[in-house]
Amino acid sequence: MTAKPTTLKMRRSGILLHPTSFPGRFGIGDLGTEAYRFIDFLAETGQQLWQILPLGPTGSGNSPYMCYSAMAGNPLLISPERLQQDGLLSDHDFEGLPEFDLDRVRYDAVIQSKLALLRKASDNFKHHATPEQKDKFHQFCESKAYWLDDFALFIALKNEHNGTAWHTWDHAIASRHPEALEAAKERLSDGVFFEKFLQFEFFRQWSDVRNYANSRGVQIIGDIPIYVAQDSADVWGHPQNFHLDEETNEPALMAGAPPDYFSETGQLWGNPIYNWEYMQQSNFKWWIQRFHAMLDYVDLIRVDHFIGFESFWAIPKGSSDARSGQWTKAPGDALFTTLQQELGVLPILAEDLGSVTPEVEALRDKFEFPGMKILQFAFGDSPKNPYLPFNYDRNFLVYTGTHDNDTTIGWYTTLSDKERQDVLTYLGCASQDGIHWDMIRLAFSSIANFAIVPLQDVLGLGTEARMNFPGKQDGNWEWRYREHDLSQDVRDRLKHITHFFDRAPSHHHH
């Protein structure tokens with residue numbers, strides 16, 4: 001058997017799209033028919049990568065970067081039509097569904113309507129599942145027990161406490177006294193069953209989608225946010241991994257970013273900082289579990305805020321902004337070495353945006369992790385700008401923009417005359433196809449091994465289709481496309497450009 005060349009070295013392209021953005025009749029994209037249609041679209045146009053945002057269960061604000069668990073899936077992505085095919089829901093259950101907005105996810109309405117359907121399905125499963133289905137469910141619960149038990153109990157407790165943050169709960173349960181845990185498990189057994197059922201269904205549906213993608217030559221890029229939310233099953237379940245205040249269970253040290261050109265007070269994110277000494281002594285057990293859990297879901301992992309694995313900004317509790325923080329070294333080298341021993345070749349992509357120091361570059365390059373280039377950051381500066389394509393190396397991912405940027409069309413309309421002139425000089429001249437195709441062509445023609453484009457740019461949409469506006473409190477994570485948006489014209493153009501710049505799969509292996 002000859003060793004196959006590492007897939008990270010091939011030229012490939014793909015699309016960035018979170019599953020909530022799929023069309024569909026239940027108000028939010030889900031893992032039903034439209035997920036398979038989208039994968040067909042990727043395969044037909046020669047894409048080999050599908051990048052998603054974190055899949056975890058979101059809290060208020062609906063941000064995939066602030067989840068109640070680093071390991072669980074978001075039940076809102078479960079497809080009711082698939083539940084119906086499995087006999088857990090009937091046509092009758094879909095009568096009187098609200099007329100949902102087709103262009104945006106209205107989370108409040110979706111949560112209300114979807115939770116009612118999911119409860120019905122759970123009850124039907126509880127009372128009518130076949131012995132074989134029950135068997136699969138128990139196997140799932142056992143194999144995932146290392147995170148599922150804490151998570152299911154955490155959500156059941158949270159519901160019992162009307163959604164309040166866990167550090168405000170009764171001290172015995174907040175601090176996980178064994179007898180309080182046992183009492184809660186008994187008292188809340190219905191709620192715990194429901195949460196486990198949701199994870200079982202999410203995981204089944206997601207695995208089917210992922211297997212289908214893989215069968216069509218598409219690999220999925222998942223996303224690990226570096227920090228976890230303070231109000232999460234991870235922090236409640238493993239407080240020793242974090243710097244928490246022993247009295248209040250609140251973060252003693254908070255995550256954030258120092259003051260910079262964009263913000264004179266810096267950024268205070270409020271997540272608890274890792275207790276890296278403890279994690280290292282335990283041989284990074286939690287991180288190994290986290291990566292194992294992620295690789296159950298995806299093929300490649302984008303590591304968010306990669307610079308935090310070299311040094312991180314730690315802000316003492318009680319601070320009102322990020323100015324009082326200080327840089328602290330993190331044992332990234334030891335962590336990735338341990339992960340490599342556990343997992344073999346690490347399928348990691350480094351989101352190395354931000355203050356990239358020589359130390360960060362050295363850590364990234366030691367493990368040969370591809371870094372990221374964003375075309376929207378390339379212009380109006382100097383020819384030394386690292387985001388200009390003639391300054392790239394091969395081991396990078398190039399994006400027109402990411403989920404945090406404006407769409408290409410939105411971005412272009414807000415440029416200064418000088419920046420716009422720079423863009424046009426670089427492109428030679430703007431084509432008739434629109435600036436979005438010019439920028440996609442620029443990404444695909446670069447030497448970077450990976451080129452990733454948000455679906456919004458392929459569709460040529462403006463700011464109204466932006467996924468996230470960092471710092472804006474609400475209205476994020478809502479955009480959806482419509483079925484007919486993936487038109488023949490869009491397919492033909494994307495396919496042509498993908499083949500022309502040698503990013504399509506080659507079907508003749510030597």
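**Aromatic pairs, cavities and buried residues**

A search across the whole structure, which is a predicted model, turns up 51 aromatic pairs. One of them brings together Phe 22 and Tyr 481, whose ring centres lie 6.4 Å apart. The planes of these two rings meet at 85 degrees, and because an angle over 60 degrees counts as edge-to-face, the pair of Phe 22 and Tyr 481 is edge-to-face. This pair links distant parts of the chain, since its two members are 459 residues apart. Phe 22 sits in the loop between β1 (12–16) and α1 (33–44), while Tyr 481 belongs to the loop between α17 (455–458) and α18 (488–500). Both Phe 22 and Tyr 481 are buried.

Tyr 481 also pairs with Trp 479. Here the ring centres are 6.3 Å apart and the planes stand at 40 degrees, so the pair of Trp 479 and Tyr 481 is tilted. How buried are these two residues, in terms of relative accessible area? For Trp 479 the value is 5%, and for Tyr 481 it is 1%. Residues count as buried when the value is under 20%, so both Trp 479 and Tyr 481 fall in that class.

Phe 500 lies in helix α18, and its relative accessibility is 59%. The cut-off for exposed is over 50%, which is why Phe 500 counts as exposed. Along the chain, Phe 500 and Arg 441 are 59 residues apart, yet in space their C-alpha atoms are separated by 9.8 Å.

How many cavities of 30 Å³ or more does the structure hold? The count is five. The largest cavity contains about 210 Å³ of space and has a lining of 24 residues. Pro 54, Gly 56, Ser 69, Ala 70 and Pro 225 are the lining residues nearest the centre of the largest cavity. Two elements, β3 (219–224) and α11 (285–295), each give two or more residues to this lining, and β3 gives the most, with three.

Is Gln 205 buried or exposed? Its relative accessible area is 3%, so Gln 205 is buried. The side chain of Gln 205 reaches the backbone nitrogen of Ser 79 at 2.6 Å. Setting aside neighbours within four places in sequence, Gln 205 is in contact with Leu 31, Tyr 36, Leu 77, Ile 78, Ser 79, Arg 82 and Leu 83.

Asp 150 is a charged residue placed in helix α5 (residues 145–160). With a relative accessible area of 17%, Asp 150 is under the 20% cut-off and therefore counts as buried. Not counting residues up to four places away in sequence, Asp 150 touches Arg 176, Ala 233, Trp 236, Gly 237 and His 238. The C-alpha atoms of Asp 150 and Asp 234 are 8.1 Å apart, although 84 residues separate the two along the chain.

Thr 408 has its place in helix α14 (residues 408–413). A relative accessible area of 1% makes Thr 408 buried. Beyond its neighbours within four places in sequence, the contacts of Thr 408 are Gln 376, Thr 400, Ile 435, His 436, Met 439 and Asp 457. Among these contacts, Ile 435, His 436 and Met 439 are also buried residues of helix α16.

Why is helix α16 (residues 435–445) described as largely enclosed by the rest of the structure? The reason is that nine of its eleven residues are buried. The buried residues of α16 are Ile 435, His 436, Trp 437, Asp 438, Met 439, Ile 440, Leu 442, Ala 443 and Phe 444.

Methods: Residues are numbered from 1 along each chain as its sequence is written. This is a predicted model: local features need pLDDT of at least 70, side-chain atom pairs count only at pLDDT 80 or more; totals for chains, interfaces and linings use all residues. Side-chain values use heavy atoms; hydrogens and water are left out. Buried means under 20% relative accessible area, exposed over 50%, partly exposed in between (1.4 Å probe, protein chains only). A polar contact is a pair of N or O atoms within 3.5 Å; within protein, one must be able to donate a hydrogen and the other to accept it, and residues adjacent in sequence count only if both atoms are side-chain atoms. Contact means heavy atoms within 4.5 Å. On a 1 Å grid over the protein atoms alone, a cavity is a set of points where a 1.4 Å probe fits but cannot get out, and a pocket is an open set with protein on both sides within 12 Å along at least five of seven lines; lining residues have an atom within 4 Å of a point. Grid points are joined across faces, edges and corners, and a volume is the space filled by probe spheres set on the points. Helices (H or I, at least four residues) and strands (E, at least two) are DSSP runs, numbered from the N terminus. Rings of Phe, Tyr and Trp (its six-membered ring) pair if their centres lie within 6.5 Å; planes under 30 degrees apart count as stacked, over 60 as edge-to-face and the rest as tilted.
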